[in-house]
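These are my notebook entries on a structure that I had not looked up before. I set down what I looked for and what I found.

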Amino acid sequence: MIRRYDYGTPLLTDAVVLSVEPEKGNPGGITVEDLKPGIRFTLPMTEETQLFGLGQAVRGIDKRGHIYRSWNTDDVLHTENKAALYGSHNFLLIVNPGDTLGLFLDDPGDIRWDLGATEENQIVITSLGGDVSLYLIQDRDPLTVCRAFRGLIGKSYIPPFWAFGYIQSRWGYAGEEDITKVVTEHRQKHIPMDGICLDIDYMDRFRDFTWNPKTVPDPAGMVKRLREKNVHVIPIIDAGIPVDENDPACADGLKNDTFVHREDGSLFQAAVWPGLCYFTDYLNTRCRNWFGDLYRPMLEAGVDGFWNDMNEPSLFYSRDGLEAAWKEIDSLKDRNLGQSEFWALKRAVDSLANNPEDYRAFWHDMDGQKVRHDRVHNLYGAGMTKAAMDGMHRFDPDRRFLLFTRSSYIGSHRYGGIWTGDNCAWWSHLKLNLQMLPGLSMCGYLFSGADLGGFNNDTTGDLVLRWLELGIFVPLMRNHAALGTREKDICRFSRWKDMRNIVTLRYALLPFLYSEFLKAVDSGTPLFMPLAFLYPGDTVACHTQDQVMLTEQCMIAPVYEQNAVGRHVYLPEDMLMLRMRSCTDMDACVMEKGAHFVPCALNEALLFIRKGYQIPLVMHDVESTVDLRAGLSFTMAGWKDAQPYELWEDDGEHVSAPVISRTLAPGRGADNRSGLLR
Ligand code: GLC
């Protein structure tokens, strides 16, 4: 049963799809304080309580022991002292033995989550605005609560089948020549791939919905030529529209009054890549639809996938903020700068970007209701996601499009996927990628992924290889890099053959992953979950922070440390380990319950299969997902005497395509230490 309690004046956020009548009074077991303004919820914890959820957030799988913040932020350093990243996913799972409470704060403003950081045995959640719908779901086990929550927020977005293929990306590919070169080299080296992203470089002066006439003279032709190679082109779209009446999107937006205003009615201006920009009021239906229709010419050119960016919104500086900074700098000019003056100078520049004052300086018209931005800040990116997907579906209602976005709020999981933003080429970020997976899954973000190999900094071949060994299990598998960093597509490394072989594993697993993805969308079961969900009585399993269940059938435990020749793995029960080097080179062995050091060479990926299961693999080399549609045979991998596998498939292209389920009979399976696959 789902209970709801309202405080202040909650806004319509589009997060939930079920209508739940608010109850009177306060929920039992939770202390509620009215802070005027703001509201605070305090809950006790015991030593045993575990906390899961919160989606995109730093640190471990169990979120206990840190202060988090819901405030969508373009922060380029995802270090563990940070409280907020790009998405706000206000769902917390409070797990006690035999009793789980799911708590969802539908409040798109600023929220602090003190999860036992200040007071060890207390959860203190503070909504600074105080306009909240609090949803509570209580049941015996976390999986039941998660499923109920996903029922509340509606089914997750399903991308086209091809989007599960390998995607290459880089900030710096200027246009057709660059990307054709990359694609051609991948094809020559038989590295399977399905998509290539275009970053802001493809645009004319970084302006949305334009193409650079020099580097992309024939957009439709380029898209067609790449599609003939079974590669989809995925351009980026940013949130800001340049302040320039000669820019068609700007002129049209001004004519139709679709941009956000300040309190005095003037238009809010702040800079992003093209310089000063206006910002569409995505929280207004008319303006949202206007923006969504801007995608149409690109769709007509054959584009069927996009990534939306800078939509927290990220602001380099606002017009007002810059003026104030110049004044400050002028006042310090020609002076002997002592400590306080020097810090003032530094602050004047450092505080320009994403300044809290700027987020208080503009207003939304939420279909008739005027709302200051900071109250609904975390909804902005979600509005852009909805704008884009609705726009695409007005163009073609039954087509599935790829869309992933940076900023998000629960609800947008129905319209698109997310990527987790600008990570670094750090081993700790490979681990963070793994640790974020369960939380994202619980919050409905099934189609998500991190920049493989790391976005910022120069990466290394071993890090890319190890990261690919995790990436093969994650729905969005994209290798992306920042401008100016070392080239890092697979072809650039001496170990490219090993990397290619690992990518072939993605395609071997893809029908299984897709089938499980469809099931997870349908049932609300997380695709990735903590071991605690399936082994509640096993203390070691419950507290394991670097292994994750991939569905109820498998466990993943990738190597995430530099120069490691393997890793410690805890098996909560006997499991069958698949050691995989390529789609045609793998072996299996049964391992006993308990702690192991598992050797894992740099060119190997591991998958652990639970007792009683077999999973289907495609043990054939393929070039792209097109080859997977050609009815290749499956090899069943897993335990002897396993139950049959229900494979879910659909046409992978249409929203209305029916799911077809077929039963795959188990193969011979493995039952001893030198177990075979077939
Ligand atoms: C942002 C995005 C990154 C992109 C860059 C340039 O930093 O997060 O992925 O490459 O902008 O568009």
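**Entry 1: basis**

I note that this is a predicted model, in which local features need pLDDT of at least 70 and side-chain atom pairs count only at pLDDT 80 or more, while totals for chains, interfaces and linings use all residues. Residues are numbered from 1 along each chain as its sequence is written, and side-chain values use heavy atoms, with hydrogens and water left out.

**Entry 2: overall form**

I looked up the secondary structure and found 16 helices and 38 strands. Helices (H or I, at least four residues) and strands (E, at least two) are DSSP runs, numbered from the N terminus. I then looked up the extent of the C-alpha trace, which spans about 75 × 65 × 55 Å along its principal axes. The radius of gyration is 25 Å, which agrees with a compact globule, because 678 residues in such a globule would give a value near 26 Å. This radius is taken over C-alpha atoms, and the globule rule is 2.2 Å times the number of residues to the power 0.38.

**Entry 3: the ligand**

Which residues come nearest to the ligand? I found Asp199, Asp309, Arg406, Asp422 and His480, out of 13 residues around the ligand; a residue is near if one of its heavy atoms lies within 4 Å. By class, this shell has eight nonpolar, one polar and four charged residues. Ala, Val, Leu, Ile, Met, Phe, Trp, Tyr, Cys and Pro count as nonpolar, Asp, Glu, Lys and Arg as charged, and the others, Gly among them, as polar.

I next looked up polar contacts (pairs of N or O atoms within 3.5 Å). A side-chain N or O atom of Asp199 is 2.5 Å from an oxygen atom of the ligand. For Arg406, a polar side-chain atom lies 2.9 Å from a ligand oxygen. His480 also has a side-chain N or O atom 2.9 Å from an oxygen atom of the ligand. Of the 310 Å² of accessible area that the ligand has on its own, the protein covers 97%, by the Shrake-Rupley method with a 1.4 Å probe.

**Entry 4: cavities**

Rolling a probe the size of a water molecule over the atoms shows where empty space is left. On a 1 Å grid over the protein atoms alone, a cavity is a set of points where a 1.4 Å probe fits but cannot get out, and a pocket is an open set with protein on both sides within 12 Å along at least five of seven lines; lining residues have an atom within 4 Å of a point. Grid points are joined across faces, edges and corners, and a volume is the space filled by probe spheres set on the points.

I found six cavities of 30 Å³ or more. By class, the lining of the largest cavity has five nonpolar, seven polar and no charged residues.

The second largest cavity has a volume of about 80 Å³. Among its 14 lining residues, Leu54, Gln56, Arg69, Ser70 and Gly87 are the closest to its centre. Strands E5 (66–70) and E6 (87–88) each give two or more residues to this lining, and E5 has the largest share, with three.

**Entry 5: the largest pocket**

I looked up the largest pocket and found a volume of about 560 Å³. It is lined by 27 residues, and Arg69, Trp71, Asp110, Pro356 and Tyr359 lie nearest its centre. Helices H9 (356–359) and H10 (373–376) each supply at least two of the lining residues. This lining has seven nonpolar, eight polar and 12 charged residues.

**Entry 6: backbone**

I looked up cis peptide bonds. One joins Lys36 and Pro37, with omega about 5°; Pro37 is in the loop between strands E2 (31–34) and E3 (39–44). Lys36 has phi near 40°, a positive value in a residue other than glycine. Another cis peptide bond joins Glu312 and Pro313, with omega about -5°. Pro313 is in the loop between strands E18 (305–309) and E19 (317–318).

Key: Polar contact = N/O pair within 3.5 Å; in protein donor to acceptor, adjacent residues only side chain to side chain.
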